[in-house]
Amino acid sequence: MSDTHFLDSRRARGLAVLVALLAAATLGWINREALLPPEAATAAAGNPQLAACLAERVGAVDTMRAEAIINDAQYAAFRTRAEDYCRAQFPGE
């Protein structure tokens, strides 16, 4: 038997690395929207008509929010509707 304490062993260090990796992966998953480009932008990249529609419709919704015409809950619903409308009009490849 060894005189080393468990916390000084290689297994404990390996376990600590595993916990750190899991924590980093969890933080990445929680913040995935901030780390990855928005779906609308990537979908519109290959379809200029879709990009123009999204810019117009979502831009109008953003303006309504900036002018305090709609609240945050309405903003989410209006933005989703605008994106769905544009995707229905100009489906991507």
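Among contacts in the protein between residues at least 6 apart in sequence, what share joins residues at least 24 apart? In this predicted model, the share is 52%. The secondary structure consists of 5 helices and 0 strands, and the order along the sequence is α-α-α-α-α. The protein has 93 residues, of which 15% are buried.

Helices α4 and α5 were examined as a pair. Two packed helices are described by the angle between their axes and by the distance between those axes. Helix α4 spans residues 48-66 and helix α5 spans residues 72-89. Their axes come within 9 Å of each other and cross at roughly 165°. An angle over 145 degrees counts as roughly antiparallel, and α4 and α5 are therefore roughly antiparallel to each other. The crossing in which α4 passes α5 is right-handed. On the α4 side, the contact is made by L50, C53, L54, R57, V58, V61, D62, M64 and R65. On the α5 side, the contributing residues are D72, Y75, F78, R79, A82, E83, Y85, C86 and R87. Sorted by class, this contact of α4 with α5 contains 11 nonpolar and 7 charged residues, with no polar residues.

A disulfide is a covalent bond between the sulfur atoms of two cysteines. The structure holds 1 disulfide, which joins C53 to C86 with an S to S distance of 2.1 Å. The pair links distant parts of the chain, since C53 belongs to helix α4 and C86 to helix α5, 33 residues apart. The angle about the S-S bond is -75°, and the link of C53 and C86 is left-handed. Both cysteines are also listed among the residues that make the contact between α4 and α5. A residue counts as buried when its relative accessible area is under 20%. C53 has a relative accessible area of 8% and is therefore buried. For C86 the relative accessible area is 0%, so C86 is buried.

The loop between α4 and α5 includes A68 and I69. Most residues other than glycine have a negative phi. A68, a residue other than glycine, has a positive phi, near 60°. A residue counts as exposed when its relative accessible area is over 50%. The relative accessibility of A68 is 64%, so A68 counts as exposed. I69 likewise counts as exposed, because its relative accessibility is 53%. With its neighbours within four places in sequence left aside, I69 is in contact with M64 and Q74. M64 is also one of the α4 residues that make the contact with α5.

Technical notes. Residues numbered from 1 in each chain as written. Predicted model: local features only at pLDDT ≥ 70, side-chain atom pairs only at ≥ 80, totals over all residues. Heavy atoms only, no water. Axes fitted to C-alpha atoms, helices over the stretch in contact; angles between N-to-C directions. Helix = DSSP H or I, 4+ residues; strand = E, 2+ residues; numbered from the N terminus. Parallel < 35°, antiparallel > 145°, perpendicular 65-115°, else oblique. Left-handed = near helix turned anticlockwise from the far one by under 90°. Contact = heavy atoms within 4.5 Å. Nonpolar A, V, L, I, M, F, W, Y, C, P; charged D, E, K, R; others polar. Disulfide = S-S within 2.5 Å. Buried < 20%, exposed > 50% of the residue type's maximum accessible area, 1.4 Å probe, protein only.
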